[in-house]
Amino acid sequence: MRKRIPPTTVKRSIVAFTDNRRRAAKAGTVLLSALALALPAAVASGTSATAASWPSPTGQQAVSSTIKVSGTRDGGMVRYYGSGDLGSGGQDEDQGPLFELADGAVLKNVILGAPAADGIHCKGTCTLQNVWWEDVGEDAATFKGTSASQTMTIDGGGARKASDKVFQHNGPGRMVIRNFQVEDFGKLYRSCGNCSKQYQRHVVIENVTVTAPGKSLAGINSNYGDTARLTRVTIVGDSSRKIVPCERYKGVTSGEPTKIGSGPDGVNCLYTASDITYR
């Protein structure tokens, strides 16, 4: 004969079971809430993403005379390389670019192979989106133009093997370098130190992954009021910290500029130690 369970025991069991389910549900809600808060916080903190793999070209095209771009040009991940007058592979500062962008132009999904001549010239506001330099020539890209309101934006992509500069800023305005990777380089950015006509220039470097060897990330002319703002920069393979995040120069209109300092100063070199991560 089956033993009868008292009603009070059954009631206590039901109450205990209900309480356990409530506690479990509450714990799950707390956990989900914590995750919901943590994920946006992690994104907002701007931890630099792991550097993307270098892309493989879908084809290649020789360039013997500068390609002029107005509007938007999508290269379809084709590799472009210099030939003829653009094929010397030297460091001649008078050589032409593979691409020349008109004011307002956008160039995207392009690979520049070797020889890369003088890379890309931007004549005003322009955007380089997902552009890759396999072996930088004289410079990867040069920002020209004459308007103080112009902006050159480099969004995505990467550059390597730049014996001197990656991005050269000759005109006025602002350059933005973001979501970018660079390795084996001299300077990532340089405000022209001895252009015959000088301007105030500004650069923003954000979410950039830097792989040694390299010399400096930003070189600016403090005597002309230049600024460099660095955020979410990750430097890889530089345990001795030889790569200088920001250098200040006294720019000139002839002769050679003079280096006058480096490091954050709250005026021209705008960053803190927390903006740089070493790995």
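1. **Basis.** This is a predicted model, in which local features need pLDDT of at least 70 and side-chain atom pairs count only at pLDDT 80 or more, while totals for chains, interfaces and linings use all residues. Residues are numbered from 1 along each chain as its sequence is written, and side-chain values use heavy atoms, with hydrogens and water left out.

2. **Terms.** Helices (H or I, at least four residues) and strands (E, at least two) are DSSP runs, numbered from the N terminus. Buried means under 20% relative accessible area, exposed over 50%, and partly exposed in between, with a 1.4 Å probe and protein chains only.

3. **Disulfide count.** A search of the whole structure gives 3 disulfides. A disulfide here is a pair of cysteine sulfur atoms within 2.5 Å. With bonded cysteines counted along the chain, the pattern is 1-2, 3-4, 5-6.

4. **C122 and C126.** These two cysteines are bonded, with sulfur atoms 2.0 Å apart. The angle about the S-S bond is -135°, and the link is left-handed. Both C122 and C126 are buried.

5. **C192 and C195.** The S to S distance is 2.1 Å in the disulfide of C192 and C195. This link is right-handed, with 105° about the S-S bond. C192 counts as buried because its relative accessibility is 4%. C195 has 15%, so C195 counts as buried.

6. **C246 and C269.** A disulfide joins C246 to C269, with S to S at 2.0 Å. Its handedness is left, with -70° about the S-S bond. The pair links distant parts of the chain, 23 residues apart: C246 sits in strand β15 (residues 244-250) and C269 in strand β17 (residues 269-270). Both C246 and C269 are buried.

7. **Cis peptide bonds.** Most residues other than glycine have a negative phi, and most peptide bonds are trans. Where are the cis bonds listed here? One runs from A114 to P115, with omega near 0°. P115 belongs to the loop between β5 (105-112) and β6 (120-122). Another runs from A212 to P213, with omega near 10°. P213 is in the loop between β12 (201-211) and β13 (216-221).

8. **Positive phi.** N109 is not a glycine, yet its phi is positive, at about 55°. N109 is part of strand β5. R232 is not a glycine either, and has a positive phi of about 55°. R232 is in strand β14 (residues 227-236). Is R232 buried or partly exposed? R232 counts as partly exposed because its relative accessibility is 31%.

9. **A228.** This alanine is found in strand β14. A228 counts as buried because its relative accessibility is 0%. Which residues does A228 touch, leaving aside its neighbours within four places in sequence? A228 is in contact with V203, A218, I220, C246, N268, C269 and L270. Contact means heavy atoms within 4.5 Å. C246 and C269, both on that list, are joined by a disulfide. The C-alpha atoms of A228 and M175 are separated by 9.6 Å, and the two residues are 53 residues apart along the chain.
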